[in-house]
Amino acid sequence: MNGKLILEDGSVFQGMLASGTKTVGEVVFNTGMTGYQEVLTDPSYCGQIVTMTYPLIGNYGVADLFEQARQSFVRGFVISELCGKPSSWQAEDSLVSYLKAKNIPCLHGVDTRAITRRIRSHGTMKGVIVPADAQASEVAELFAQSPFAEVVKEVTTKEIYRIPGKGPHIAVLDFGIKRNILNSMAKAGFDLTVLPAYTPAEEILALSPDGIFLSNGPGDPKDAPVETVRQLIGKKPIFGICLGHQLLALALGGDTYKLKFGHRGSNHPVKDLATDRVYITSQNHGYAIDETSLATLDVTVTHRAVNDGTVEGMRHNRLPVFSVQYHPEAAPGPDDSTYLFEEFMRLLNKEMNKARGN
Ligand SMILES: NC(=O)CC[C@H](N)C(=O)O
C-alpha cells in the first residue's frame, strides 16, 4: 500500500507501507549504519517515529539476541530501502516479517535524506504516517494526539525483579532501561534489583542498596520523577545514564533544554576532559543539560560532545555521584565506554570500604 509521512510544517514524503496503517509521533533521525533492531526496541524512542539515514535497512535480519526491551515502543519507522532477504548467520527472521508481526508502522522507499535535511534545518517536529489516500480529517485527528503522554509509565517495568550477582547491591530505577545496560551491570558483577520508575524514595532506600542506578528513558526529563532523585542524592552512590544523567542535573538544581534535532547514532565523538581522550559513543537523546545552569552547583563537567560542545558527562565534587549522556552499554554501537560500569564498581567498593571504616 502506498503511504506518506507528513511533517508538522506541511512537508510530505511519499513511500510504501510495509506494516501498520497510521501513526503519530515526534520525527527524529538516527545515523547508525547498523543496529536497527536495537533502535526499534530501545524504550527511549517511545513516542517517536524514527528515520534511519543509512540507506539499506534489514540486510542482516533480526534475532532475539538484539532485543532491548519486552517490546518496541517506537511509534513508527521510516527507511529508504527495506531489504526483504536478509543474509546473516544470526538472522532468525526478516525485518519485514518482524515489523508485521509486531505491528510497527513502517514506511519504506522514502527519501530519508530529504527528511533528515528538513529536520536538521527546521528542528525535530511532529509527524504522521498515513495511507497515501488518507482524508485530511484523519490526518488532523492524528496530529491532535500527544505522542508523549506518560511515556515513562508506558515503558517502565510493572513489577520489581532481581538479577542476582555476587557484587554490590544496586537499586536500578527503570525509566525505560535497555537490556544491554542490565547485561553490562550483571557482567561487571553487580547484584541488581530493578524497580518501577515511580517507586518512592523511601521504598528504594528501604532495600538498603549499596548504590543506585538511574536508567535511560523516553520523553522530557522534566516529566520524569525528578523529586525522587532529589531525595536519593547524598544517601547512596549514584550512576546515571542519559535520562538518568538529565534527572540528576535537574534534581541537583540544574536545568535541561531541548536540542534542535538531538544526537542519535552510533558514532558520536565525546571528549573526556580529564585526559583529552576522545571516545566514539552510541547516543540517543533529544535533550541536554544546560551547562550555564551547572555553574553555581557543586559539579564538574567531565565529558563534552566534540560535534557541538554540549555536556556529555558530569560528576559531583563531594558526593559519589556521576553520570553520562551517552550510552556506554552500546547495543548498538562501539564499546569504547563499557569501562564506566567498572568505574561504578570501583566507586562503590571505595564507598563501602569507607563505610566499614577501612
Ligand atoms: N536515551 C535516553 O535516555 C533519552 C533521554 C531523553 N528522553 C532525551 O531524549 O534526551
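The model is predicted: local features need pLDDT of at least 70, side-chain atom pairs count only at pLDDT 80 or more, and totals for chains, interfaces and linings use all residues. Residues are numbered from 1 along each chain as its sequence is written. Helices (H or I, at least four residues) and strands (E, at least two) are DSSP runs, numbered from the N terminus. Two strands pair if DSSP finds at least two bridges between them.

**Barrel**

- Seven strands form a closed barrel in the order β1-β2-β8-β6-β4-β3-β9, and their pairing is mixed.
- Neighbouring strands of this sheet are turned by 35 degrees against each other on average, direction ignored; axes are lines fitted to C-alpha atoms, for helices over the stretch in contact, and angles run from 0 to 180 degrees between N-to-C directions.
- Helix α4 (residues 136-143) packs on the sheet and touches β1 (2-7), β3 (23-30) and β9 (125-131), with its direction at about 140 degrees to that of β9. Two residues are in contact if their C-beta atoms, placed from the backbone, lie within 7 Å.
- Strands β4 (residues 48-52) and β6 (residues 76-78) pair in the parallel sense over three bridges. Thr51 has Val78 in β6 as its bridge partner.

**Open sheet**

- An open sheet of 10 strands has the order β10-β12-β11-β13-β14-β19-β18-β17-β15-β16, with mixed pairing.
- β10 (161-163) and β16 each have a single partner strand, so one side of each is left without a neighbour in the sheet.
- On average, neighbouring strands of this sheet are turned by 25 degrees against each other, direction ignored.
- Strand β15 (residues 256-272) runs antiparallel to β16 and is joined to it by 11 bridges. Thr256 stands opposite Ile289 in β16.
- Helix α9 (residues 243-251) packs on the sheet, touching β13 (211-214), β14 (238-241), β15, β16 and β19 (321-324).

**Ligand shell and annotation**

- The residues around the ligand include Ser44, Asn216, Gly217, Cys242, Asn284 and Tyr287; a residue is near a molecule if its C-beta atom, placed from the backbone, lies within 6 Å of it.
- Strand β16 (residues 277-289) gives the most to this shell, with four residues.
- The shell has four nonpolar, seven polar and no charged residues. Ala, Val, Leu, Ile, Met, Phe, Trp, Tyr, Cys and Pro count as nonpolar, Asp, Glu, Lys and Arg as charged, and the others, Gly among them, as polar.
- The unreviewed UniProt entry annotates Ser44, Gly217, Gly219, Leu243, Gln246, Asn284, Gly286 and Tyr287 as "binding site". They span 244 residues in sequence, yet no two of their C-alpha atoms are more than 13.1 Å apart, so they gather at one spot. UniProt positions are given in the numbering used here, feature names are shortened, and annotations may be inferred rather than shown by experiment.

**Buried residues**

- Pro43, in the loop between α1 (36-41) and β4, counts as buried with 28 C-beta neighbours inside 10 Å. A residue is buried if 20 or more other C-beta atoms lie within 10 Å of its own, exposed if 12 or fewer, and partly exposed in between, with C-beta atoms placed from the backbone.
- Gly217 lies in the loop between β13 and α8 (226-232) and is buried, with 28 other C-beta atoms within 10 Å.
- Pro43 and Gly217 are 174 residues apart in sequence and 6.2 Å apart in space, C-alpha to C-alpha.
- Asn284 is in strand β16 and is buried, with 29 other C-beta atoms within 10 Å. Residues up to four places away in sequence aside, Asn284 touches Asp42, Ser44, Arg264 and His327.
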